[in-house]
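Colleague: Hi! Could you walk me through this one? I'd like to start with the aromatic residues.

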Amino acid sequence: MKITLISPPFGEYVKSSTITRLTKLDEIQKSEGLPIAPPVLEYLAGLTAKVAPEVEVELIDVNREDFSEKVIDSLSSDLVGISVLTPQAPWAYKTACMLREKGYKVVLGGMHVTVLPEEAAPYADAVVIGEAEGVWAQLIADAQSGSLKQFYRGEKLELTGLPKPKKGLLKTKYPMGSFFTARGCPFKCKYCSVYRFFGNDIRHRPIEEVVEEVAQSPYWMFWNVDDNIWGAGIDRSIKLYIELYRELSGMRKWWIGSGDLVSVQHSRGEELLKTAKKSGCTLVMVGWETENVESLKEWNALMKQGTKRFDAVRKIKDNGIDVMMFLMLGGRKDTPDDYKRALDVCDKLNVMGHPMQLTPFPGTDLYDEYKPHLIDERGWEFYNGNRVVFEHDDPLMSPEKREQALFWLRAESFTPARVIRRILSLKLKGFPMTHLTSAMIQIPMSRAFREIKEGNPYAA
Ligand code: B12
């Protein structure tokens, strides 16, 4: 038996837009693809090797590889699996139809179809709801015997003895590897899909299994794709970092990931940062979200920030770790001033800002709240963090203006002068890897965003 697993493209098919600069960004995102191999592909290949070692697996990252009709015709697979995030859903459904017309069996899985299995079902032979570990063996057996069921419900199992991602199956090279150490999140930020999908309780992978996986991986730079690199508990995180350091110190391996700010304000915060740095952490992406306190309250996002978030960012930098602040803009309580305020706060802290449109993903509390205001003609492909998908009561905050303001902010955040200033502000403690990571991220972003540079619609 042969299974083909597919990660759909980003930034495809936004064709209805009259605003060409947005299509331009989509093109840039698509052509650059990802710095990491889509983690789910190599992971599901590893899971297949564990539960059905006789099955041949092929992986296709459509951001990087040709997936024309000619390729589809030559697949010769008994089952094609597609992983679906919300903005990828239209491509996934369209492709699933095409594959089934050609006689392939198709299974859809991932965050989007877990939330909307009934929407996905007509396009597939089977839909996996939730995590794959508990159902993948049965699904493969059913596919082999020609008795696939419409839905498979994956339980939230313990994360012990998970398979290692299978390397060597993707056709292109990626600069970074990835690993995850836990699932679940204790916070309930309204816009986030994670606590609904993986649960509020955190499940940890055994530390020794994580360390062994990273040690054996051929990569020297990794993305820790945990939702929160230290949100799974301070004591456990410190222990993990110490073990990573012990095992990897001779191997020269480094990593980046997303983390909250409240953990850094814990009484062991300084120790947390020191051990994280020692274990190879060079950059933390933090969800600063906004300077607008009303919005932070609306989104229930205050808890993960703690009371001293400015100090927390400075503390991370003082420990030789760089910071990128994720910013969410354009919410219904946001104002035109918030765009400039977002830039100012990044300048004040001398950190990168990565602004996104606030997006109410299906299955989140924010989706229920914003539902009456959604723009009907904007399908799931618009839910990619670049586009506006809901109306705002303030006429100054029209979809066009909010999109323009976001693109102004992206380009302005990465002017060459800012990039240089930020790299020079990094502490010597982090030299050279923190500086190198920062340059590797900032220079391509600066180049890409310059191409879509816009005027600020809210300039005085
Ligand atoms: C790494 C990551 C990325 C990477 C790589 C994504 C990729 N497709 O490979 C990058 C940076 C590119 C990325 C981009 C985006 N991401 Co992202 N990302 C993540 C992150 C941090 C980890 C995902 C991961 O790889 N986990 C490890 C793998 C092994 O697990 P997994 O993917 O969850 O897969 C398991 C199950 O879901 C299931 N499964 C998944 N697919 C399939 C397929 C089949 C066939 C089967 C059987 C099972 C199955 O089985 C797996 C094992 O149990 C998650 C947060 C999180 N904690 O999940 C957000 C997350 C997935 N991203 C999210 C979002 C929103 C985005 C963006 C839209 C950006 C944005 N606006 O914020 C873009 C998409 C860009 C675009 N234009 O399409 C949301 C998804 C919301 C949604 N409803 O889709 C998440 C959950 C973040 C969040 N807090 O809300 N992302």
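Modeller: Happy to. Tyr219 is buried, and so is Phe222. Keep in mind that this is a predicted model.

Colleague: What kind of aromatic pair do Tyr219 and Phe222 form?

Modeller: Their pair is edge-to-face, with 6.4 Å centre to centre and 75° between the planes. Ring pairs also join Tyr219 and Phe222 with Phe179, Tyr241 and Trp255 in a cluster.

Colleague: Okay, and how many aromatic pairs are there in the whole structure?

Modeller: A search of the whole structure gives 16 aromatic pairs. One of them is Phe67 with Trp91, a tilted pair at 5.9 Å centre to centre and 45° between the planes.

Colleague: Where in the chain do Phe67 and Trp91 sit?

Modeller: Phe67 is in the loop between β2 (56-61) and α3 (69-73), while Trp91 belongs to helix α4 (residues 89-101). They are 24 residues apart, so the pair links distant parts of the chain.

Colleague: Are those two buried or exposed?

Modeller: Phe67 is buried, with a relative accessible area of 12%. Trp91 is buried too, at 6%.

Colleague: New topic: helix α14. Which of its residues are buried?

Modeller: Asp338, Tyr339, Ala342, Leu343, Val345, Cys346 and Leu349 are buried in α14. They cover an arc of only 160° around the axis, so they lie on the same side of the helix.

Colleague: Why would residues spaced like that point the same way?

Modeller: An α-helix has 3.6 residues a turn, so residues three or four places apart point the same way.

Colleague: And which residues are exposed on the other side of α14?

Modeller: Asp337 and Lys348 are exposed there. The buried residues of α14 pack against several elements, among them β12 (281-289), α13 (309-318) and α17 (416-424).

Colleague: Last one: which charged residues sit over rings?

Modeller: Two examples for you. Arg309 lies over the face of Trp288, 3.8 Å from the ring centre. Arg422 has its charged end over the ring of Phe414, at 5.0 Å from the centre.

Note on methods
Residues are numbered from 1 along each chain as its sequence is written. This is a predicted model: local features need pLDDT of at least 70, side-chain atom pairs count only at pLDDT 80 or more; totals for chains, interfaces and linings use all residues. Side-chain values use heavy atoms; hydrogens and water are left out. Buried means under 20% relative accessible area, exposed over 50%, partly exposed in between (1.4 Å probe, protein chains only). Helices (H or I, at least four residues) and strands (E, at least two) are DSSP runs, numbered from the N terminus. The arc is that of the directions from the helix axis to the C-beta atoms. Contact means heavy atoms within 4.5 Å. Rings of Phe, Tyr and Trp (its six-membered ring) pair if their centres lie within 6.5 Å; planes under 30 degrees apart count as stacked, over 60 as edge-to-face and the rest as tilted. A charge sits over a ring if NZ of Lys or CZ of Arg is within 6 Å of the ring centre and within 35 degrees of the ring normal.
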